[in-house]
Amino acid sequence: MKLIFEKSIPGRGQDIFPACDVPVKMPAAPLREKKAHLPEISENEMGRHYTALAKRAHGVNDGFYPLGSCTMKHNPRIDEKMAALPGFAKLHPLQPAHTVQGAHELIADLEKFLCEITGMAGVTFQPAAGAHGEFTGLLLIKAYHTDRGDTERNEIIVPDAAHGTNPASATMAGYKTIVIKSNENGTVDIDDLKAHLGPKTAGLMLTNPNTVGLFDPNIMEITRLVHEAGGLCYYDGANLNAVIGIVRPADIGFDVIHMNLHKTFSTPHGGGGPGSGPCAYKDFLAPFAPGLVCKDGENYERAEKSIGNLTGFYGNFLVMVKAYTYLLTIGKEVYTLAQNAVLNANYMQEKLKDIYPIAFDTTCMHEFVIGLDPIYRKTHVSALDVAKALLDYGIHPPTIYFPLIVHEALMIEPTETETKETLDEAITAFREIYERIFNAPESVQMAPQTTPVLRLDDTKAAREPHLRFDFD
Amino acid sequence: MIDPKELKYTKDDEWVRFEGDEAYVGITDYAQSELGDLVFVNLPEVDDEVVAGEPFGDVESVKAVADVFSPVSGVVLEVNEELLDDASLINSDPYGAWFIKVGSISACEDFMTADEYDEYRG
Amino acid sequence: MGTFIPNTKEEQLKMLNEIGYKDFDDLFKVIPDEAKVKGELNLPDGLSEIEVARKVEGLAAKNTIFRSIFRGAGAYNHYVPSAVDAIANKEEFVTAYTPYQAEISQGILQSIFEYQTMIAEITGMDIANASMYDGASAAAEACWMCKDRRHSTFYVSGALDERILTVINTYSFGRGSKVVVIPTKDGETDKEALAKALADDKEAACFLMQYPNFYGIVEDAEELCKITHDGGAKFIMYCHPLALGALKSPGEVGADIAVGEGQPLGLGLEFGGPYLGFLSTKQENMRAIPGRLIGETVDTRGERGFVLTIQAREQHIRREKASSNICSNEAWCALRAGIYLSTIGAKGYEQVATLCSSKAHYMAEELEKIGMKRCFKGEFWNEFATTCPDADKLLAALEEKGILGGLKLCCGCCDAGCDTDCILWCCTELNSKEDIDEVIAIAKEVF
């Protein structure tokens, strides 16, 4: 398919702007000499270009999207409609506070809801995404220790199954990452944790349920041990969807958590963002919270020992509107989300486990992991091949090659908004692919065959980086 | 590929070739084939110190990155700039594609001979 | 009461039984009892769609929508062409995740590749990334791109928006790097102070300027670039993306990195977000770029296609050694920016820059006629600061007429030494001559 630049014809274009109704005047400063190449294209042609691109994309609305750890559930239309209301979308972030009381009320209400769901005391909406929320939470931990003069604590403990963002966030917060092992059940190895706790421990980052989809049965002991060592407990809320309304992170010993509004609270991911990663914290961390808060309707205040700001204004406000709308709809029955997310995952796991090796064969939470390694060793059909084969069934593949502790991993998260029929169709597809792995392995290795492009050469892309269109 | 007899090998899959007081360091054929198509290599700068058993750089494939450990302690005299432009040389000629040349060598790791290494990675 | 769960209670129970569980309690017995919530959460009852809409629309109605806006300071009221909403709201774009599976994500990948090209073009740089959270966080990440073992101090102009500075400081708190603010003189970076600071510091990593700066002034970027490079540091320009339709581009100036707030490119004011951070740089800095990069390649038939590339920089591979922790970015906002720039095109890009500049200059002249003089003499594009006998009084009078006036600058926040209040005004193509004249008329009435 052509790039939009290849459809551009000099002199074509669209008339958007009016003639200048005041004398034309430019600053007496050095002006641009080399013009920017931008498309010159009619609205019709442009519309068709993007429609063609849309046809080459796959969203939740196109089909099943069991992308593990990403919670690709249905994005309700009402959420979008509410976020588009001019009373939100047309607000300048620096309007006088008394002209944006509805916005502040919404933020305050959403904060209350999220505090109730997490058990925490306060929420900052500054972070624009999950990883940004992790960074924020770790800075809160750092500010807390620093404020107490406890400056020797420079280590963050992270399990080996963690998302890559955890160690990367720890580095950005100036911490050294200490990796602890998972045990044979796929959860935290308590002895290894004990061995690494000490006077240098600033905190522990834990995803729960963890990245293999398991609820850590020792969770209360884990948080107790970390606290006894003087560290704080950070809850990576990427998988909160599995326990929402059933377990509250604060109740099980966590001090700070980020949530992904674009996962658990059903705001759409937009092909990579915008997300929103609000960070909730216990009372004793409130003095360090970032951002400006309007409590009295007129003035903005900053917490006394605030770590500052993570984004220019108040975070991704319109994403908050969507999450708020979603929570108003669901209300106190949020636990039904977790129930059905967990049910759907277990249903699929149960219906596949006779043929596909399940990494940790027990009741899973909202997702489960297939470790294809034994099959790969026999057949040379890899997790990547299975993922690509699913494309020909119109199914978005699971997350692959993550978590790192499972070889040839396929991580499947159906979510609660899928019907039993959809799950059954996917199960049939997985079972058919399994047959093909043994009967016609090359058909799996050559997949996909029905997509706009076939397998792409990642090595070439990385060895000869070509990151833009060349006009010359 | 046959591992050259004149080189020394480490358990982390590096090779080292001594020339007088200096040593050339690279990664073995086994290492490159495990890593797959390499797309980039991060190397230290000349005059940097390297320590035996500690990473001095890394190699990137499309989906992974692996540390490269120094078999010797010393000072980097030269880095192989060619690899910065074309990491595929490591795949095509692992024993020609040296990463760094080290001088002022003060310590070495325990080395294996080619036969021992073949046995180790058999 | 509202729900998006399709399976009925009966179906749920049947599924549970089919896989060997009695009920949901049985399914959840893997969670220790002591960890579970006792009873229900204290949340309101769920609502039907009509009830939800009523409630949320009620909140929206409590906010004031200004019909005429003269405030910028980091968020700009530009026109969003109809095509932007119509196209960007296609559900395939809205409901997709990050394009991990390239074969069914070519639409997303190509749209971002086109966006990367457009950002590289308008900034005059070699390459751009797939987007950052917003301008301020992009500025902070740009500073970190310049840090290496020998260079760790970040210098920023005192004429930088304080909100951006705050974010840079927050990003620097974690790793304990030093941020130094260069003082201003007449609303611009004090060049001598910058030269001296860099000369005295062998560890200077970068100098970051805003273009135009917070007070709207178009500083001498080429001179600042030269001073910075002579001082052994990298030069970062934080740009208004539409100003570059007129002003010398960062590429032409010789900058190492260009960043900025992409909100003016087809995004609304949105009470501050989601916005769009853009980041572009020279080819040689490619591997230091944070975040996603989309690259061109071919498929097994030799057809052109696009993939996420050079991923070994990123957190999911390099983990604690990654160049940044960013993964989710603002892809959908970048899509909007791409549609916006395609809609206005090469011609519109120059037009809008001319309109903003002309309106701002007209307004500045008219304000001057009624005694509200510019605080600084430097050249400006869309924003400028003036004195005002009583800013609160004027802004209140404007507000009464549905006009959001300029931003009142807090006392002593600049070096102008004005003995009255000051206001930072902003004009865009949406401010007609009539609107401007109305402000002047109201100001005349007030004073």
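**Figure 1. Order of elements in chain B of the predicted model.** From the N terminus on, the elements of chain B follow the order β-β-β-α-β-β-β-β-β-α-α-β-α. The model is predicted. In total, chain B holds 4 helices and 9 strands. The C-alpha trace of chain B spans about 35 × 30 × 20 Å along its principal axes. A compact globule of 122 residues would have a radius of gyration near 14 Å, and the 13 Å of chain B agrees with this.

**Figure 2. The open sheet of 6 strands in chain B.** The strands of this sheet in chain B are arranged in the order E1-E2-E3-E9-E8-E5, with antiparallel pairing. Strand E1 (8–9) and strand E5 (49–50) of chain B stand at the edges; each has a single partner strand, so one side of each lacks a neighbour in the sheet. Strands of a sheet pair through backbone hydrogen bonds, in either a parallel or an antiparallel sense.

**Figure 3. Strands E2 and E3 of chain B.** Strand E2 (residues 14–19) of chain B pairs with strand E3 (residues 22–27) of chain B in the antiparallel sense, over 6 bridges. Val16(B) stands opposite Val25(B) in E3(B). E2(B) and E3(B) form a hairpin, with 2 residues between them. In the turn, Gly20(B) has a positive phi of about 65°.

**Figure 4. Strands E3 and E9 of chain B.** On to the next pairing in the sheet order E1-E2-E3-E9-E8-E5 of chain B: E3(B) and strand E9 (residues 100–108) of chain B are joined by 3 bridges and pair in the antiparallel sense. Ala23(B) has Val102(B) in E9(B) as its bridge partner.

**Figure 5. The open sheet of 3 strands in chain B.** This sheet of chain B has the order E4-E6-E7, and its pairing is antiparallel. Its edge strands are strand E4 (38–42) and strand E7 (65–69) of chain B, each of which pairs on one side only. On average, neighbouring strands of this sheet are turned by 25° against each other, direction ignored. Strand E6 (residues 55–61) of chain B and E7(B) run antiparallel and are joined by 5 bridges. Pro55(B) has Phe69(B) in E7(B) as its bridge partner.

Figure 6. Chain A has 15 helices and 12 strands. Its C-alpha atoms fill a box of roughly 75 × 65 × 45 Å, taken along the principal axes. For 472 residues, a compact globule would have a radius of gyration near 23 Å; the 25 Å of chain A agrees. The contact of chain A with chain B takes 5 residues from chain A and 5 residues from chain B. The side of chain A that touches chain B comprises 2 nonpolar, 1 polar and 2 charged residues.

**Figure 7. The contact between chain A and chain C.** Here 167 residues come from chain A and 170 residues from chain C. By class, the side of chain A that touches chain C has 90 nonpolar, 49 polar and 28 charged residues.

**Figure 8. Helix H4 of chain A against helix H3 of chain C.** Two packed helices are described by the angle between their axes and the distance between the axes. The axes of helix H4 (residues 101–118) of chain A and helix H3 (residues 49–61) of chain C come within 6 Å, crossing at roughly 135°. H4(A) and H3(C) are therefore oblique to each other. From H4(A), Gly102(A), Glu105(A) and Leu106(A) meet Leu59(C), Ala60(C) and Ala61(C) in H3(C). The contact of H4(A) with H3(C) has 4 nonpolar residues, 1 polar and 1 charged.

**Figure 9. The two domains of chain C.** Chain C is divided into domain 1 (68–76 + 348–446) and domain 2 (82–340). The centres of domain 1 and domain 2 of chain C, taken over C-alpha atoms, are separated by 28 Å. In domain 1 of chain C, 25 residues are in contact with 22 residues of domain 2 of chain C. Helix H13 (331–369) and strand E13 (383–388) of chain C are the elements that give two or more residues to the side of domain 1 that touches domain 2. H13(C) supplies the largest share of that side, 7 residues. The side of domain 1 of chain C that touches domain 2 of chain C divides into 15 nonpolar, 5 polar and 5 charged residues.

How values were computed: Residues are numbered from 1 along each chain as its sequence is written. Chains are lettered from A and ligands numbered from 1 in the order in which they are written. This is a predicted model: local features need pLDDT of at least 70, side-chain atom pairs count only at pLDDT 80 or more; totals for chains, interfaces and linings use all residues. Two residues are in contact if their C-beta atoms, placed from the backbone, lie within 7 Å. Ala, Val, Leu, Ile, Met, Phe, Trp, Tyr, Cys and Pro count as nonpolar, Asp, Glu, Lys and Arg as charged, and the others, Gly among them, as polar. Two strands pair if DSSP finds at least two bridges between them. Axes are lines fitted to C-alpha atoms, for helices over the stretch in contact, and angles run from 0 to 180 degrees between N-to-C directions. Angles under 35 degrees count as roughly parallel, over 145 as roughly antiparallel, 65 to 115 as roughly perpendicular and the rest as oblique. Domain bounds come from an automatic or database domain assignment. The radius of gyration is taken over C-alpha atoms; the globule rule is 2.2 Å times the number of residues to the power 0.38.
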